[in-house]
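Please keep the sequence and the model at hand while reading.

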Amino acid sequence: MNGCECTPTDAALVKGLARIIEPYRGQPNSLIQVLAKAQEYIGYLPKWVQVQVAEGLGLSLQEIYGVTTFYAFFSLIPRGRHKLSVCAGTACYVKGTKNVLKGVRDAIGIKPGQTTPDSRFTMEIVRCIGACGLAPAVIVNGKDVHGRLEAEQIPEILSLYE
Ligand code: FES
């Protein structure tokens, strides 16, 4: 990865992104839709992607940046292969979200919003995932719920995901 991610490193990705943008050329109202497709294709939204989208839709880079930083769905940094969402809703918080976060930090060395250097996990904080009876809980990849967690259980759970 280059330092600023201002320029793409793969010409095929640039062409692929151009194909995504083309049907929406000059349509600024399609911004969120285009960004979602771009993120699905590239994996995240580095600066060169935002520049290309801005040019295609006829928007300023500031306008793009305003949207990409407003919505938690968009990521400006590379994401890991697995998304680890730690619940910080009220029930989980009371029952030990802090311990879960410590367990993750001790196991793989990341804080919320960070990705492991090997791109295996990205961790995020989320609000109630609808499993309050299992608090404190995490959900992996949006589907696997692990509950009633103690920090000591975290390494074993993470070992399920390569
Ligand atoms: S508060 Fe965590 S699952 Fe509801």
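The model is predicted, so local features are given only at pLDDT of at least 70 and side-chain atom pairs only at pLDDT 80 or more, while totals for chains, interfaces and linings use all residues. Residues are numbered from 1 along each chain as its sequence is written, and side-chain values use heavy atoms, with hydrogens and water left out.

**Salt bridges**

Side chains of opposite charge can pair when their charged atoms come close. A salt bridge here is a side-chain nitrogen of Lys or Arg within 4 Å of a carboxyl oxygen of Asp or Glu. The count by this rule is five. Among them are the pairs in the table.

| Pair | N to O distance |
|---|---|
| Lys102 and Asp106 | 2.6 Å |
| Arg120 and Glu162 | 3.8 Å |
| Lys143 and Asp144 | 3.6 Å |

Helices (H or I, at least four residues) and strands (E, at least two) are DSSP runs, numbered from the N terminus. Lys102 and Asp106 are four residues apart in helix H6 (residues 97–108), which means that about one helical turn separates them. For accessibility, buried means under 20% relative accessible area, exposed over 50%, and partly exposed in between (1.4 Å probe, protein chains only). Lys102 is partly exposed at 41%, and Asp106 is exposed at 54%.

Arg120 pairs with Glu162. Arg120 is buried, at 15% relative accessible area, whereas Glu162 is exposed at 60%.

In the pair of Lys143 and Asp144, the lysine, Lys143, is exposed at 58%, and Asp144 is partly exposed at 22%.

**Backbone**

Most residues other than glycine have a negative phi, and most peptide bonds are trans. Where does the model have a cis peptide bond? The bond from Ala135 to Pro136 is cis, with omega near -5°. Pro136 belongs to the loop between E2 and strand E3 (138–140).

Ser119, which is not glycine, has a positive phi, near 60°. Ser119 is in the loop between H6 and E2 and is partly exposed, with 32% relative accessible area. Asn141 also has a positive phi, near 55°. Asn141 lies in the loop between E3 and strand E4 (144–146), and at 26% relative accessibility Asn141 is partly exposed.
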